[in-house]
Amino acid sequence: MGFEKFGVVSFTSETKAVEFLKFLEEGKMMTTECRKCGKIYFPPKMDCSVCGASEVDWIEIDELGELVAYSTVMHGPTGFENDVPYTIAVIRLPNGVQVFGRISNNIPVDNIKVGMKLKIVPIKLPLDKASYEFMHA
Amino acid sequence: MKKDVAIVGVGQSPFYRKCGMAVRELCFMGFQEAMKDIDLKRVQIDGSIVCSAAEYDKQRSPASVIVDYLGIMPAPSFNLETLCSSSSTGVRVAYSLIKSGLHEVVAVIGFQKMSELTSHEAAERMGRGGDIQWESPFGVTMPAYFGMVASAHMAEYGTTPEQLARVRVKSSIYGEINDKAVYRKKISMEDVLNSEMVTSPLKKFDCCANADGAAVVILASAEMAERITDKPVWILGLGGSTRSTALAGRLSFTSVPVSREAAQAAYEMAGIGPEEIDVAEVHDCFTIAEIVAYEDCGFARPGEGARLIDEKQTYLGGRIPVNLDGGLLSKGHPIGATGASQIRAITRQLRGESGKTQVEGAKFGLVHNLGGPGLYNYVTILGRD
C-alpha cells in the first residue's frame, strides 16, 4: 500500500519499490542500484534482471539530464482532462539511464528543445500526492 | 523458395467508424471472403486463433462465440493478444502449429469493435497503455508516444511537418479507391497542416482513427495447399521482437527498436534483403510511424525515410510501394484486425489481384505490424511461386 500517492492518477498501490515515493516526499529523487552487480535502473527495480539478485541500494539522481524526446499533449486520457496541455518527455542522464516524466509548465513550450539540459525536481501534488518534473538546469 | 506453410485464404470486412452489427457477424464477413479462395469440399479447418485486444471486448473470451458462429468447431481455438500486432502474432503461431505437424489448416481471425466503448472508456484504456506503475501516472497517450518519436526524428534528421503530411496525402489517394476503407476522401497538404494539434508535433490528420473491423487469414501445410488452391502465397520469413513498455527503457527515439529487430529476423529467415521486397504494408498508425518504418525495414537508411516520400518512391510505380490499400491512416485501425488486413493486402498483391493498385510482377512482399508504441513488432515476409 502507499504507492497510490504517486502521480496525478495512480493505477497501482502495491510495490516493493514504495520507498521511491517516500524519498520523493522528502524531496529526494532516488533510484535503485543492484548491490551485487552494480546495475543502475530507472524506473527502480527491486530485483535485478541482469544478475538475478534481489538486494538493492537506493542512490540519489542529482545529475542533469539531456532532453531526448517530448510531446505536448492537448487531449489527455481519462483523469487528465483538466491537466492539459502538458508536456511529457524522456531525459538521458550522463550514465545513460533515462527518466520519463513531465516538463514543468514554467518552461514555455516554444523554449523546449531536444538536447536542452534539465534537472529533476520532486514536487507535491494536490491530495497529498507526490511526483517529480523536469525544470531548467 | 521455402515451401512449408502457405496462405490459402484471405478476407476482411469493410472497416467502419461504427459497424452496427455484432462482433461475430463482423468476423463472419472476413471469414466468408477468405473461404471464397478455398475449395470448400476439400478442406477442413482444424484449428483457429482469435486475435483481439481484450481490453476493448465486451465478451469475455470471445474465441468460442466466434468459432461457433463461423462453424469451425470442435477444432481447438484460443484467444491471442499483442495489442495492435495481435493477428500478425496469430499468423506466426499458426505457422508453428502447422510446421510442427500438429495442424494442417488454421484460421487466424482478427477483429476489434472499438465503437462498443464510449470515448471516455476508450480514453481510460489509452491511459493504461503505458507502464501503469511508473509512466501512466503522468498522463500518457498513444499519439503522444509517437509525438515524442517525431520530436526526436525532427531534431536529429531535420524531418519536417510537411514531410509527415505527404504520408497522409499518399494514404488518402489509395484510401479513396479502397472500398474497405473508412476514410475515402482525398486529403491535401493544407488539410493536414491546418488540422488541429493533437499532441505536438502531430495534428489530427497525422493520426489514424479507431474503427470496427475483422480480417481473416487461413494457412495450410504445403501438402494441403497444393490440393486446395492454385495460388499459394508462401510464408518465407517471420520476425518478432519485444521491448520495454516504459519509455525510460527505450533504446532509441529516432527508430522503433522492436521493428528493426523483427525486420532483421524476418529477412534472415527468408534469406532475402530489403532491396528484394516489391511491395510492403507498414504500420502507419501515425504519419511519423510510416517514415520511421521505412528506415526500420531497411527501405531507407536511418534519417532518409522522409526522402522516400518526398520522391514518391513509396507510391505505386516507385522503388518500394508502401500501403497501397491506404494503410491504417485511411482504412482505420481496428486493433486486432489490422495485421490480418495488412497480410491480406500483400497476399492479394502477390496473387496479382490488386486491380488499380497492383504492383506488376510482385514476387516478394513484407508486412510490418507494430504492437503498442513499440512493445511488440511482428514482421512477415511473403512470396509466391
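## Elements of chain A

Helices, of at least four residues, and strands, of at least two, are DSSP runs that are numbered from the N terminus. In this predicted model, chain A holds one helix and eight strands, and reading along its sequence gives the pattern α-β-β-β-β-β-β-β-β.

The radius of gyration of chain A is 15 Å, which is close to the 14 Å that the globule rule gives for 137 residues, so chain A is as compact as a globular protein of that length.

## Extent and contacts of chain A

Taken along the principal axes, the C-alpha atoms of chain A fill a box of roughly 45 × 35 × 25 Å, and 34% of the 137 residues of the chain count as buried. When contacts in chain A between residues at least 6 apart in sequence are considered, 46% of them join residues at least 24 apart.

## A helix pair in chain B

In chain B, helix 5 spans residues 142-157 and helix 10 spans residues 287-296, and the axes of these two helices come within 9 Å and cross at roughly 55 degrees. Angles from 65 to 115 degrees count as roughly perpendicular and those under 35 as roughly parallel, and helix 5 of chain B and helix 10 of chain B are therefore oblique to each other. The crossing in which helix 5 of chain B passes helix 10 of chain B is left-handed.

On the side of helix 5 of chain B, the residues that meet helix 10 of chain B are Phe146(B), Val149(B), Ala150(B) and His153(B), and their partners in helix 10 are Ile288(B), Ala289(B) and Val292(B). The residues of this contact divide into six nonpolar, one polar and no charged.

Note on methods: Residues are numbered from 1 along each chain as its sequence is written. Chains are lettered from A and ligands numbered from 1 in the order in which they are written. This is a predicted model: local features need pLDDT of at least 70, side-chain atom pairs count only at pLDDT 80 or more; totals for chains, interfaces and linings use all residues. Axes are lines fitted to C-alpha atoms, for helices over the stretch in contact, and angles run from 0 to 180 degrees between N-to-C directions. Angles under 35 degrees count as roughly parallel, over 145 as roughly antiparallel, 65 to 115 as roughly perpendicular and the rest as oblique. A crossing is left-handed if the near helix is turned anticlockwise from the far one by less than a right angle, and right-handed if clockwise. Two residues are in contact if their C-beta atoms, placed from the backbone, lie within 7 Å. Ala, Val, Leu, Ile, Met, Phe, Trp, Tyr, Cys and Pro count as nonpolar, Asp, Glu, Lys and Arg as charged, and the others, Gly among them, as polar. The radius of gyration is taken over C-alpha atoms; the globule rule is 2.2 Å times the number of residues to the power 0.38. A residue is buried if 20 or more other C-beta atoms lie within 10 Å of its own, exposed if 12 or fewer, and partly exposed in between; C-beta atoms are placed from the backbone.
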